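Please keep the model open beside them as you read.

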Amino acid sequence: MDFSTVERALVSLSRRHPPLSPEVLDLSKRLLDLLQSSLSSSATTATSTTSTTTSDVEHSSSIAESNEYATGILTLISVGESTASPQDQQRWEPLAVGLRLVVDYLEQRTKELPRPLLPNKHGSDNGEEEDDDEEEDEGTGLGTGGGGVYAEGPRIPKIAPPSSPTGVEGTTTIPSPAVVVSQPTEQRTQPPRAESPVFELMKSLPEIVDRNVEHPEPRVRSLVAQVVGAYALYATSLLNWMSSHGLPSHSRSQSEESQTNETQQLPHELKTSIIHSQKGRRQIHRVILASLRSHLAMKEPSRENNPSAASDGALDDTTGWRALETNLHALASYIDGCVGNGFVGENDEEKREDGAISSGSYLLEEAHLFESHDGDGDGEWFLSGLQHCSVVHVNRHVRAASAAVLGVLIKSCMRSRRYSSRETRDYLEDLLVESDSLFRRVLKESLKGTLADNWSQVRMAGSVLCRRYVGALMRIYRGRKKAAMRDGEKVDEEEEEEEEDVTVFESAAGDLVPMLLPRMCLNRFYIAQGVKLYSQDTWKTVFEQQKQSREGEEDTTATAVGGGGMGAVARNAAPLCRYYAIMCDADNHAVREAACQGVAELAQKLGKHSLYAEFLAPHVTILLQALLMCFHDESWPVRDEACLACGTFCLAYAEECLPELPTLFERWTEQMTDQIWSVREDAAVALGDAIAAYGPDMLEKVMKVLKKSLPAAKDQPAMSREEYKKLQNDMQAHTGNQLYSCGSLAPKLRKGGAGRIGCGNCAIDRPKAPWEATDGCIYLMRELCVRFANRDHSEREDVVLDDNTLLPLMTELADSCRLSHYPQSDDLRTTLWRQLPPIAGALGKRRFKSLYLDLFIELLAKNLDDRCGTGASQLSIHAAGQCAEELANLIGVGIFRGRLEAVGREDAFDRVMEERRREQMMAKAAGTGKFLGAKNFSPFGPPIAG
């Protein structure tokens, strides 16, 4: 089934196998004909007008006033629900397509509504900036009242700010993509009429939702959730439009006043239809809450003890958990669709059965759900149920959906406060700000769980919730601060200075900072790209640079308030370091890897900062202990990051790391011979950091290791390539080796030491090979040459490597790389060719040309010429060609070619350079799109301008 458009959904019915009943096919064809005839008539109109929006309105208007179309939708839904024919008992397709048509129909009716004449924003008459209320609209859900709900599964929310304020939360218009501000009102709006078929359709929808909210087909339940959102959006938009006709004149401008006088008196029938639509909306809400409450009462396995295989039905942590997930989506869609501005009239007809007044604002209409009455109130089961679903529930989809509900509740709260009175505004803000608020406590626990969830899908939903909540708190804080300044309240000078010393985030979040900040930091390094990029963008948004200047000083530079993110991290170093240390011992290898990266960032940025280094110093010991534990991890990315982080700590806190230096040195030298090349490289980098931190004494130890391990490749057992390939295809040789988790190329293993999790006991591992020690020494030689071989650029004045030290080592390296009695020798030479250019650049043109070039020129020329039958791999050939090009550019192409002539390999060099020139020309042509197929070279790459 294709639900991307209503036309495709209708066509899909005729393609189903086995075929649907003739009644369904005839009905779908008739509805499709109505749509196509409407489109053709609008196209004819568009040829005679210059406005495309006019034709769109006329097209939607013709459908809106078509009783046949609305009746056809209800008939299709009725046929889909019917079980009269035995062969169609399990056919859900007609019902699903009917619901999809309802969503499109209601969304089109919402776009046609005139702009409501809204009251002035609270505080707009006293200078409050409207930008404080603006918020980015997250998500891409269909039919959810603005796209703020993940109704069709997890999506990466928008990171770039919207280009236009139209339809964005914070504006004074109802979201309506079809509305063009500069267009005349009579072309862009179609006021509703009492006899419009949309009201007849809306009368039937509450019962349809009631019957299908727990439908066995999940796709039907998802479409029901979209119908709920579209219904709520249209109903509350009608309420806004109706309420604007009863506003007092002092709340409107003169242009709005003249527009209102023409249609001040609404027809009684229309007003009655709008009020009935509010009753239907609230009936739908009661249905959703009843279904949600019944699902929350079900017995479920806990996340700690989850007998998935023995569960009754789909109660595991992977598949959908009955209708609970879609109930949460329906609730989120309903809340997001309630776009009422909070202004209501005094007519008794607009009052609800319980005496409350319909305002279209969820938090104002359902205030009882957010109040605590000593365990007996509705808020206890509602909010505690959402907390249970987001933190404790075994199913990851349910946890993500619950986080989405909490997010749209915050969005609704911030939306409702704009047009409310000061008393109502304070009430709504206190729900988010006050520490004794039940809603705030639920948000705190939900964020604490979702931001640290093992599933990336839930962590993504928690990240979206975090940005929305933190943004709301910061806007409330700024608004209250401005209001206090306007009211002339005196501010204590000491308190004002304290506020200048912290970020707005710290002032607004208050006691939430020790919980939020560590999780926000760690998620910037999480392995899932969506979580990582979104968290990094959230960090920039929260700690954005703000200009500030003191009296008598010119505002010439932009300084971050309170030191920005770095200052916030420094002031909260204690909870941050404790959290990082705990996460270094987590069961999830991806979390341990991210924690090690976070620790390395602390050492890199705080440890080398003149103002903030002292904040981290007391916690160096606990962080080092956590990193030392990660050195034994069976997941090589964790070992890799721990190795780098320890070297960075030694650079920043040499004295504090001195007691652990013997242990660290032992771990680094072990990692130099690791089976993973990147671990070997980063161990060499860490040893270079240690030399920079501790000077000649550490250099002496490193040189002993280097001289011992550099010729280790000579001890590699001889093996032919045929024997090596046979070993690779040997099933017994691969049994019990490292296992890899789904969704990640990292091993599915637990931290080293006691206890393991994964697909099996992974104690069996490939032994280290002697040639890998030589390979690690190549990286170490690069670090020594780049950082300490040049007297003018050495990182320490007392550590400079002269040619008397380097020449014997380089000679030994060349001899070890000439060996070819084992198949991995090709990999060793590949590493050499990749690291030789930076070594040559560090030594300098004259020094390298006179002493070191001849050591490698013959071996390089032999590797370049793949026609001589050496059996070299394409990786080593390509690395040799790149090395030759870079060395030629360093010492001169003519000189380098002359050295190759001495060994008779200049033709291979000429061929490589020609290939390089051709590749550069192709790359340049691809960048300008001048060769055939350039623009469609990759469907996944960015578009090429041209």
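1. Let's start at the end of a helix: α39 is followed by glycine 892, whose phi is positive, near 110°. The helix itself covers residues 874–891, and its 18 residues reach 26 Å from first C-alpha to last, close to the 26 Å expected at 1.5 Å a residue. Expected span here is 1.5 Å times one less than the number of residues. Helices (H or I, at least four residues) and strands (E, at least two) are DSSP runs, numbered from the N terminus. Buried residues of α39 include Ser876, Ile877, Cys883, Glu885 and Ile891; buried means under 20% relative accessible area, exposed over 50%, and partly exposed in between (1.4 Å probe, protein chains only).

2. A word on provenance: this is a predicted model, in which local features need pLDDT of at least 70 and side-chain atom pairs count only at pLDDT 80 or more, while totals for chains, interfaces and linings use all residues. Residues are numbered from 1 along each chain as its sequence is written, and side-chain values use heavy atoms, with hydrogens and water left out.

3. Overall, the protein has 41 helices and zero strands. Of its 946 residues, 53% count as buried. Its accessible surface comes to about 43,100 Å², with 51% of that belonging to carbon and sulfur atoms; the areas come from the Shrake-Rupley method with a 1.4 Å probe, and for residues only the protein chains shown count as cover. Among contacts (heavy atoms within 4.5 Å) between residues at least 6 apart in sequence, 73% join residues at least 24 apart.

4. Do look at α38, residues 853–864. Its end C-alpha atoms are 16 Å apart, which agrees with the 16 Å that twelve residues should span at 1.5 Å each. Nine of the twelve are buried, so α38 is largely enclosed by the rest of the structure. Among the buried ones are Leu853, Phe856, Ile857 and Asn863.

5. How do α34 and α36 cross? The axes of α34 (residues 770–788) and α36 (residues 825–843) come within 9 Å and cross at roughly 10°. Axes are lines fitted to C-alpha atoms, for helices over the stretch in contact, with angles running from 0 to 180 degrees between N-to-C directions. Trp771, Tyr779 and Arg782 of α34 are among the contact residues, as are Asp827, Gln835 and Pro838 of α36. By class, the contact has eleven nonpolar, three polar and three charged residues. Ala, Val, Leu, Ile, Met, Phe, Trp, Tyr, Cys and Pro count as nonpolar, Asp, Glu, Lys and Arg as charged, and the others, Gly among them, as polar.

6. In the loop between α35 (803–818) and α36 you will find glutamine 824. At 13% relative accessibility, this glutamine 824 counts as buried. Leaving aside neighbours within four places in sequence, glutamine 824 is in contact with Gln716, Tyr724 and Trp771.

7. Finally, a backbone detail to check: the peptide bond from histidine 17 to proline 18 is cis, with omega near 0°. Proline 18 is found in the loop between α1 (6–13) and α2 (22–46).
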